[in-house]
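The structure is shown first, and the discussion follows.

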Amino acid sequence: MIHQIPFVQLPLWVLITGFVFCILFWRYSKIQEMIATISVGLYLLAGIGLLVSVYQNGIQVLQVGKWAAPFGITLVADLFSAIMVLISGVLAFTITCYSFQDISAERKKYGFYPVLLIMMFGVCGSFLTGDVFNLYVWFEVMLVASFVLIVLGNTKPQLEGAVKYVILSFISSGFVLTGIGILYNITGALNMAELSIAISECPDKKLLSIPAVFFFMGFGIKAALFPLFSWLPASYPTPPISIGGLMAGLLTKVGVYALIRFFTLIFTHDVALTHSVLLIASGLTMFFGVLGAAAQNDFRKILSFHIVSQIGYMVMGLALFTPLALAGAIYFLIHNILAKTNLFLISGIVKETNGYFNLSKLGGVYKNFPLVSVLFVVSAFSLAGIPPLSGFWGKFILAKAGFESEQYFIVAVSLLVGFLTLFSMSKIWLKAFWSPMPEAEKKRIKYNSISLFKSKYFMVLSSIFLALLTMFISFYPDYLISLSEKAAVQLLNPEIYINAVLPK
Amino acid sequence: MKTLILSTILKALAPLFLGFAVYMFFRGHDNPGGGFIAGLIASIPLMIHSMVFGYRATREKFRINPRLLAGLGLLVALISGLFAVTMGDPFMTSIWVEQKLPLIGKIGTPIFFDLGVFLVVFGVVLQITFLLTEE
């Protein structure tokens, strides 16, 4: 029975249906809120269903409109994409719950929920598509929606951040599109499975490095790799926390997903060259991201620089290109999405205490709001990689994979960066949580521990939910690690993917 | 911008535009045309109307909320794709009625998809026009 339900399409349907009904009820933001919650909840369930059915029955393929693979649009869900769909569902659901009490009524009136749904639609489509041009289209759906979200509310810093974000996104889309054009010219294929075959049979392998560079640049900007990350700390801290958290957690990871997909399935013709470039970029990304964070004094700015730094770890896993390293990268992706988003959500809750994100004006959270401090400790020390929290397992697997492939230098960099991450997390901890609140700001305190929970219970509960998930993958890492290993094996054996999409 | 020439021409051209839109809509399956172009053409008379007579006059003649049209269009397009799923085929597979009808020819799900596209384009263009002329 279970394989008869079309799980590959289900996540996309529920999102677009939710969007349509949000449009039909445009004037009623309360109804939109309900529709969005239901549809995101169903999206989460569909994600679970998809993962289960992929796990049991292997790669799921859908030829839209019954046009067979190289010609039609193909949706493919292998384990890696199913995991990503599921985690994006978890995130979207949490953020939607968080946004009930975080997003102002004004912003909801201007269509926060429909745009959120259409952005998730784009994200989910990027995970599921099996066609490079189609991937570009999904990316555009996601980006255009994220442009709307980032300026929603029209405040000045938002517009300023959005200009940088929009311009760099356009440039990166240009790179990707150029890459697709060149690739199509060389191989005559757009379907990923067919491309993979065409590239392995291509007589002039040197030529293929050109589109590889274009894709590396294009997706590198989206994933915020060194030296193309400057847009991220400029734009992510500006919108409200729900939006910033969703983007921080998810959008750059879609770029990482695309990089992993392209550099395992398509560009494996010259691993020595392409993956050493990736390795160097990953080391620099880690290092400069964390250095940028050390210089900041704003809660959200520090977190934004850390996104950059953590992206380096995922790309390091891809660059090492062994089963263990890729499994580590996937594990790290999941861990990072949970921990990083939760840190953003917590920064929003801390801001509720006296209205600031600036660390020099915050303080006394530990004394006044012990629950929030516990949530922060779980996520922050997980991000920094303190055992036994989830970041430790991710970094441990990556370091082990690095030793096995004898890349000692990158392992050293990654351990150093972990240390520096701990430094800036403890900086937040010291200033916002442990040190007493500056006298001048004391009169601005609006809540005590109980009234904060009473008035912002959705925000606190969503944060607790993410913290529990982080704890789960920390204390029971075996499930996720074995799942990641299976996904990595699928990624490293493109024949499985090709045979599923193009049956002989 | 109330000009006699435009308002007179509009009366003559509006039926022509609408007729041409219908023609384009049905032509679109095998030839250039289709829901997108038909939607653009059908919205031209209303755009000119709002340029000539102003936003309020147009809204008095055209009372439907364009946003609603766009939403309905998306819904129609989505449902046209779901037909195939109930028959066990992949999403968006075309399903045709065997019997030929006079003038129109065979009826199938693509016509509903095109109708959806028509409504979306028509609704979005009108929404943009109204927002711009409302000022």
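## Contact between the chains

Two residues are taken to be in contact if their C-beta atoms, placed from the backbone, lie within 7 Å. In this predicted model, 13 residues of chain A are in contact with 13 residues of chain B by that criterion.

On the side of chain A that touches chain B, helix H1 (10-24) and strand S1 (60-63) of chain A each supply at least two residues, and H1(A) gives the most, with five residues.

## Helix packing within chain A

Helix H2 (residues 29-57) of chain A and helix H3 (residues 79-102) of chain A have axes that come within 8 Å and cross at roughly 160°. Because angles over 145 degrees count as roughly antiparallel, H2(A) is roughly antiparallel to H3(A).

The crossing in which H2(A) passes H3(A) is left-handed, and the residues of the contact of H2(A) with H3(A) divide into 18 nonpolar, five polar and one charged.

## Confidence of the prediction

For the complex, the predictor gives an ipTM of 0.88 and a pTM of 0.92. Chain B averages a pLDDT of 86, and 96% of the residues of chain B score at least 70. Where pLDDT is low, the predicted coordinates should not be read in detail.

How values were computed
Residues numbered from 1 in each chain as written. Chains lettered and ligands numbered in written order. Predicted model: local features only at pLDDT ≥ 70, side-chain atom pairs only at ≥ 80, totals over all residues. Axes fitted to C-alpha atoms, helices over the stretch in contact; angles between N-to-C directions. Helix = DSSP H or I, 4+ residues; strand = E, 2+ residues; numbered from the N terminus. Parallel < 35°, antiparallel > 145°, perpendicular 65-115°, else oblique. Left-handed = near helix turned anticlockwise from the far one by under 90°. Nonpolar A, V, L, I, M, F, W, Y, C, P; charged D, E, K, R; others polar. pLDDT = per-residue confidence, 0-100.
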